[in-house]
Structure formats: structure tokens, C-alpha cells
Amino acid sequence: MKLTVPAFLGRMAFSALAALIGVVFALPLIWFLFAPFNARAELGLAIPNPWTLSNFFTVFENKFAMQALWNSLIQSVGGVILVGAAATLAAYALSRSSIPGKGAVTYVLLLFSSVVSGSAAMVPIFLIVSAAGLMDTHLAVILVFAGGLLPTAMFILRDFIDSIPKSYEESAMVAGASPVQAFFDVALPVIRPGIVVVVVWAFVNIWGSFLIPFILLRSDTNMPASVAIYSFYSEAGTPTVTLLAAYALIYSLPVIVLYLFVSWKFGFRFFGGIKA
Amino acid sequence: MSNRLRALAFGLVGATAMAGPVFAVDLEITCRCVIGGVNSGTAQWIEESVIPAFVAANPGVNVKLNQFGGEDAQLTQQLALDFSTGAGPDVSAFDGFLIPSFVEGGLLKSLDEVAGPEVNDWTGWANLSDGSKALMLYQDKFYGIPLGTDVRMIYTRKDILAEAGVENADTWQPTSWNDILDAARKVKALKPDSFPIQLNAGVAMGEATTMQGYWLALLGTGEAVKDADGKWIVSSPGILDTLNLYKTIYVDEKLGDARAQLLADGRNRSFANFRDGVTALLLEGDYFYRSVTPEGSEFAVADRDNVMGWAKIPAQEPGKGIRGQDFVTISGGTGFVLNPATDAPKEAWALLSFMNEPAQLEAFQAIQPRITARTDVAIPNSPFLTETSQTLLPLTTARPNDPDYNAVSAEIQRMTESVVSGELSPEEAMAQYKASVTKIVGEENTVSL
Amino acid sequence: MTTESTTEKPKTKGFALLSPRAGAAFLTPAGLLVAVFVIAPFFWVIFVSFTNRTLLGRTALNPEFIGFGNYLTLFDFDNFFQRGQFGFSLILTVQFVLFSALLGQALLGLLLAWLIQTVPPTVKRITETFVIAAWILPEVVIGFAWFAFLDRDQGTLNMLLTSVGLPPGDFLLEHPFWVIVFFNTWRGAAFSMMLFNSAFSSIPPSYFQAADVAGASSWQKFKDIALPLIRGHIVTDLILITMWTFNTFTPFLLTNGGPSYRTELISIYNYRVAFRDFEFGKGAAVGVIIMLINLAFALVYLSLGRKKRKA
């Protein structure tokens, strides 16, 4: 298709604007590209001279901080599996069955979860976990996150499933599949992009969260990286900028890798339906 | 300590699995300390000295140190939640001023209630000074053993004072607030960009504002936060004078760095100011000497032995301080407490008392000299701490042992902030303080002078 | 299509794909988790909001039922609007939501989603990556990055400003509210962008091709074709980002709620009441009020979405 001159100029302006916004978004993060590789970093932006990996070596030697990355991974992956599976099943049921009152359920739960995500609810959550004998376990963190993130995950996924025509499963059932088979064999592959969005969202939430693991865990060997990062604060309570920057970079890598992998493999789509 | 319910649920499994060392007891100890991080010396002491020695002397007992790297208030949260459910470490570091509110909340029990009457037979009690014993005492009962105490003073940059023409800069000792202000004005005249004095204020610094700022001025007016009858003073000439001092320093004459009082990382900015020679006079505890400025630390003052000095904090006018004193200071202190629901009270007490025997305390002094609670443990190789503690401990005051102190202290921090930021006049700020404190403690417990 | 279907009866035949029993089985795992970790704490919060329970002090052992006492204290009009009090935080938070969620995240996200439909793939990928990076990076990291970015003496922002001849600013101290507004817009725009991007790409391209033939401008296509079709998605987006912004705690890492409580959002106020002062009863009451406000917002969005569709 040929472009007219005004349309071409318009497109140029669009590109320029998009690029400008991109740059503005990048600015606060540029510091993290340099500071970890600088032996003497401060809050100012400075190109390392010379570039060095010494900060990373120091961080790698900190067993507590390394263990914390592993703990973060256990908690995030565990939480994500639970949220993803439970939310998919529930959202599908809410979309495709005729359970009475299902219309309002996701809204009501969403509002409930807005109370529970506040710090007032940390106390009952602590009491429940403590009564269940799960204090200071990964499982406690996984379960609490799963419960807390589920309402929103169900809300997003239900929107997604509602936007998929029922004709897929209907034709499968006409061909003799049971409803459960229709879910697993027909619906699930179509819902997958939505699940991916929820998985990334849940992973990012758990990976970065400080308060819940802080309230529920005690042993330093169980703490996730969001808590362990404070071990790079000096005796006086100030951040050791170089080590903190290096650790922050390592700590950020998994979410970046996850995003790149997902956007390469699936792309981000919030809604189903058929693209014409 | 393992959780009760879990212990119950796995009791059967445990009974069969524990066929080996039947009497093995696991103890946990927590402090806000991380090797290489906050309170590194304490962590090192417990990990490298206390635990090996204790385990060697008590076969069958395992001790684990839980290093906690967060803030003081966060450790308080964790301990309060844990103690309220019967969980938590068996022995924990604890700030003395929190004892009343924990006890009233049923979260702490006195040592003899937890571990039995033999607690009172411990020989160490006789060797604790009365002042330090009071740190862990509430309603005539001991809730923990104090580890150490502290004192507050004015730190000086002798080099800057001399440069600004302050007389006797090396041995400078102000005798009134005006002496301090005059010295600060001289420095300001010489270096208009400097902020010669640091008197903590504001919400961001938390208790450091109350203890290293407000109290030190207020005591100099002859008042305290509570009067002799135990009523909270909510409106008085002393409060007003104190607030006016803040106003002079931070608003009228810009002798202090108001930004450092308001920003989230302000306390560190104030340390950096002193290190960089922006500030010449800084009111702090011995902690500043012990942990903030030694060689190799982030806020190390170059050539510290020669450029850094100290002075007693004068009252507003000679003789006008609390109890008619010429000089004032205040002390707080930390110690260790026992978990009221510990599974192994005898062993926990054994560990607590073991830590506080001279042998272990001396090992601690070797790692990091500090003012001890015990009179039979000397401070080695630290003329500074020896001299300041001998001079200042006789002058010192303690915070009120009151469950409401914490909440009132937060109001004090807010009051100073509203003056330092220039938002309220001292009179308005005090009126707000009066209203807020009255709400917290009830009108019958307040008094206006 | 989206949210509307939840407020109306499904249109297709009335035939359910899943039997109620299978549906119930599918709901069980989520139901259990939500019951234990959302619904139970929710009712605890409601209950405790009517007591004077604290963590420390006498009322920890023997909390009393005080009816609406906590709510009355919160709405005490003696000092309601004073900084550091509930009213101040409430008004601050509403402004924060209006500026950073509605005007910031939603509008910027909409603009970005529209822009990247047409720009070359390289620009699209780079812009998208940075916008999304702001959203996915852990909050501790983000908090520290912004702290370094805004530092008065050494920060990147002032370095840039002075290099183009503008005066440097003391942003965290002088304009703390606008700092957290920009911060939250920056942090959250990605979600709206991705959601709207999905919404736009689910519109059949033939609609736009017809408009192109008729010579419509980009603005006309946006206003007359895209916007009406994604109305439901906008409602979804607004409900979620309003709730998240109401509850966000991340600005605390930047400002600690200060200076002088000037950035003490209601979530930070709640944290202070519940976890610094340990007043659980009062903290719970704040939580309940936050929920009621979220409810009000959600109802407004839903009714707006419906009204416009009928018109």
C-alpha cells in the first residue's frame, strides 16, 4: 500500500513520539546499566572506568543473598503454578457453567482482595498461617500469594474466556467429547495466551513483594531476594551502592528473561477471539 | 523454636526419628545484626564466641543465630506477632523502652516467671549498675538482662572550630545554648554554605529525633517529657524554648541542614555532612563514635583522633537543666529477653546468663568496645568510651517506662518536623502536640505548665 | 464481549457447557484458597474494625467492642484535614488516583497502545520493552533507581536538566506529590498499554481498511472505530488500575510518606497505623473504608460503560 505524504509524515511523527516516550521510560533505569560495573559507584551517573565485574564476585560470595534468589524462585514458581491452575479452572467454570450468582463473584472477590492486600490484613493472615503451623515455610508464602492474587487473576482470565466464542467447545462436544475433555483439549490451548499474561503478572508480583515473606518467614535461609537485598546495607544502614546495584541487576534478570521468553514464544494478549 | 501445632502434628514422626540424641534441645537467638551489615559486632560475637562456648559447655544443646537485617521497628513487629502466638526465638535482643508496652500486651513475662526463681540467684545481678538494671526493669521485675547502655554528647570538628576562630577549639566546652549558637554562627560566617550544627528533628529519623534531638534540648530547660507525678507535660515554657531553638537553628539562621531532617535518608545525610566538614557540631550517642565513624566505615572521619572532639551538652543556662544540672544527657539501652513461651526455659536462661558473664562480655569488648552494663567488665583500649561514660553517666536521665511512650514520641517527632519545615510556629506546633497527646493518654494524665 | 457480559445474562442460547457439578469441581481449588486467605481475613478485618484491638499495651489482651469508634476517630473533623491524619491521606490518595491512574496510566497507556499499532517494528519493540521493564522490575530495585535518578546533587535528572541549561530541582523535597504521581504513571502504564494493545488488535483490520479508503485520519479512526469497540476493556482497565493505585505501597520506598506526611497515601497511612503504632482496630477500619471507596469507583465505571453503550 502506498502512503500519501501527509500519512507518511504522520507516521514519522508517531514514531518520533513513541521513541521519545520510550527514552523517557528508560532514563530512570540507565543508572543500573553502569553502576554495577563500577568499582566506585555513587548515586550519580558515571560511565565505569575501568569496567569491572568485582561487584558481582563480591555478591556471589554472599551465600545468604544467593540462597535468597533460589528462595525467590521457589516461592514465585510455586505461587504461579497454583494461581495459574486454580484461576484457569475457576475462570472457565465461571464463564461456561450456569452456577447461580456467578455474575457478581469476580467483582465481589476483587473488592475483598482490595481489603486484604492492605497491611491491616497481614495480622489475620499471620494468625491463620501460624495456626496452620506453616510459619517460616515456603508453602505459607506460596499459599498466601496464591489466595491474594487469585481474585484479580480470575477477573482477568474470565474476561479473556468470555471473549472466546463457545463454538469451539460446542463443536468438540458435538463430536462426542465430554465437557472436561473439551476443556483440556479444545479450550485450554485457546486460553493459553491469557494464562500467560496471568502467569507473568503473578510472577512479577511475587518476585518483587517484600511484606508477605517478611511477615511469614523467620529464618534467614528462607528469605527471598526482596528481603535479602537489605543485607547490602552497611552498618550505618546506608546502601552499599556498588553491591546493591550488582545484586539488583542479578535479582532483576529472571523477570526480564521471563518477559523476553514469553513475548517471543506467546506474545502478550489479554483477550481471545479470532483475529480476522 | 518450633511452632506448637506443628510440633503436635509431627510429634509422632519426631518421637521415632529422635531415637538418637534424646535430650537435644534447639535454641534460637535473634538480634538485629548481620555479619558485615548492621550491628556486625554483635552478630560476630554471638556467632563466633557465645555459641561455640555455650554449646561446648552444654552438650546436647544446639543454638542458632537468626540474623535480622531490617529496621528496629520491623524486628519489633516480628517479635510482637511471634510472641502473641507462642512462636518466636527463645532469646532475643530487645530495646528496653519497649518492655512496658510488651508486658501490658501480655507479650513478655518476667525472667523468674519464665525460667523459675533460680533466676534471682544469678551472681551477675550484683554486678549490674542500678542505672543499667533499670533499663530492663518494669514494675520491679526483670524482663531481661541489659547488655549495654549509652550516653549522648556533642561531637565537634576541632579543625573547623579552630578555623572559624572559636576559642580553645580543642577543648571547647559550651555552658549554655548561646555558646553553641555563637560557635555555629562563627562557622556559618566563615563558610556560608555550611550547616554547622545538627540537632535531630523530624519524622523520618524516628526515635533518633526524640533521643538525640528533642530530649537533649528539653532536659536543658529543666523539664522532661513527664513531670514528677507521672503526668505528660503537653504545654510548657520548656517545650516552647526547645521548639524555638529548633526554629533558630533550622529556619531563622539556617545553622542546620533542614533537608537532612525532612528527607527519608536524612540521618545518613547528617552523618555525611559531619564527615565532609559541612557540619561542625553534631549531637549523637556514643554509637556515633563506636559504629559510624571508625576507620574504614562509610562515614569515617579522616584523621579522626585529631579532628574529632566531644563536649558535654549544656543546659539552656548554667544550672537550668533537669535537677538543676549544668549539663544534661540521656541514656537508653538494649539487652536480651526470654520468649515467654519458650519450649526450653532452663536452657534459654542458661544461654542468656552465659552471654552476660564477664568472660563473654570481655570477648565482645575485644570485637567492639562499648559501654557495658556490668561494672566488673572494663572497656579496654578505648579511652574515649571510658572517659565519656565516666563523665556522662552520672548526669544521665532515662526515658519514662510507660506503654504510651512510643506513641507520644511519634508526636514529638511530628512536632519538631512541623517547626523545622517552617510550616508551623512553635506555638502552633505545641498546640497540635497538646491535642494529639491528650487523645493518646487521656486528659487526666496530662498537665500544662 | 468483556465486562458487560457479567452484568447481563449471557446471550448464547442459555446452554451451559459445564454442568453445575463440573463447574463446582473446577471452582474448588480457587474457592478454598480464596476462602482461607481472602474471605476469612476479610471478615476478620471487618470484625476487628469495630474493636480497639492493638498489638501492644493493655488493649492487646482485652480488646473491647467499641462500635463505630474507630470510624468516628478517623472522621474526627477537628483535625481531619491535618497532615498525617486520615482525611489528608484520603484526599491525597483520591488526587493521586485521578492524576496517576486515570490521567497518567490509562491515558498514556491508551496513547502508547495506539501509537505502537502504526510505528515501525523496531521503534515498537524498543519502546514497549522499556515501558514494560518499568512494570516488571522488582519494586525495591525500582525504588532505588528512582532515588538515584532524583537525587538533588548527583541524580541523572538534574544532570540532564543542567546540561540543557535548565535549573536543577530538589524534587523529593519540593514537589513530592508530583514525584509520586509521575513515578506511579511510569511504573504502571505498561499494564494499560498491553491491555489496550490487545484490545486494538482484536478489532478486525477490515474496519480500519474501510476507513483508510474513506481517507479517515488516525484521530478519526481512533475516536469513531476503536474507542467504541474497546469501551468494555476500558472499564476493565480502570477498575484494576484504580484498585491497584489505591493500594500501592511502592511510593513509600521513595519518600517514606514524607516529607511532613505530604506523600502519605492511604496505604502508607494504613501501614503506619497498623504496623508502626500497632493499632489494628483503627487500621482495619481504614481497610474497610478503602474497600468502600473502591466499590464506589467500580460502580461508577460499570455504569458509565453501560450508559455509553446504550446511547
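User: What makes the meeting of the side chains of A:Arg158 and A:Asp162 a salt bridge?

Analyst: In this predicted model, the side chains of A:Arg158 and A:Asp162 meet at 3.5 Å, N to O. The rule asks for a side-chain nitrogen of Lys or Arg within 4 Å of a carboxyl oxygen of Asp or Glu, and because 3.5 Å falls within that cut-off, the pair is called a salt bridge. Over all chains, the count by this rule comes to 29 salt bridges.

User: Where in chain A do A:Arg158 and A:Asp162 lie?

Analyst: Both residues belong to helix H6 of chain A, which covers residues 138-162, and they stand 4 residues apart, about one turn of the helix. Chain A has 11 helices and 0 strands, and its elements accordingly read α-α-α-α-α-α-α-α-α-α-α from the N terminus on. The C-alpha trace of chain A spans about 70 × 70 × 30 Å along its principal axes.

User: How do you know that chain C and chain A are in contact, and how many residues are involved?

Analyst: Contact here requires heavy atoms within 4.5 Å, and 99 residues of chain C are in contact with 100 residues of chain A. Between them the two chains bury about 8,800 Å², with 79% of it on carbon and sulfur atoms. Helix H2 of chain C (residues 20-48) supplies the largest share of the side of chain C that touches chain A, namely 19 residues. The residues on that side of chain C divide into 71 nonpolar, 24 polar and 4 charged.

User: How many salt bridges and how many polar contacts are found between chain C and chain A?

Analyst: The count of salt bridges between chain C and chain A is 0, whereas 3 residue pairs, both residues being at pLDDT 80 or more, are found in polar contact across the interface.

Methods: Residues numbered from 1 in each chain as written. Chains lettered and ligands numbered in written order. Heavy atoms only, no water. Buried area = accessible area lost by both parts, 1.4 Å probe. Polar contact = N/O pair within 3.5 Å; in protein donor to acceptor, adjacent residues only side chain to side chain. Helix = DSSP H or I, 4+ residues; strand = E, 2+ residues; numbered from the N terminus. Nonpolar A, V, L, I, M, F, W, Y, C, P; charged D, E, K, R; others polar.
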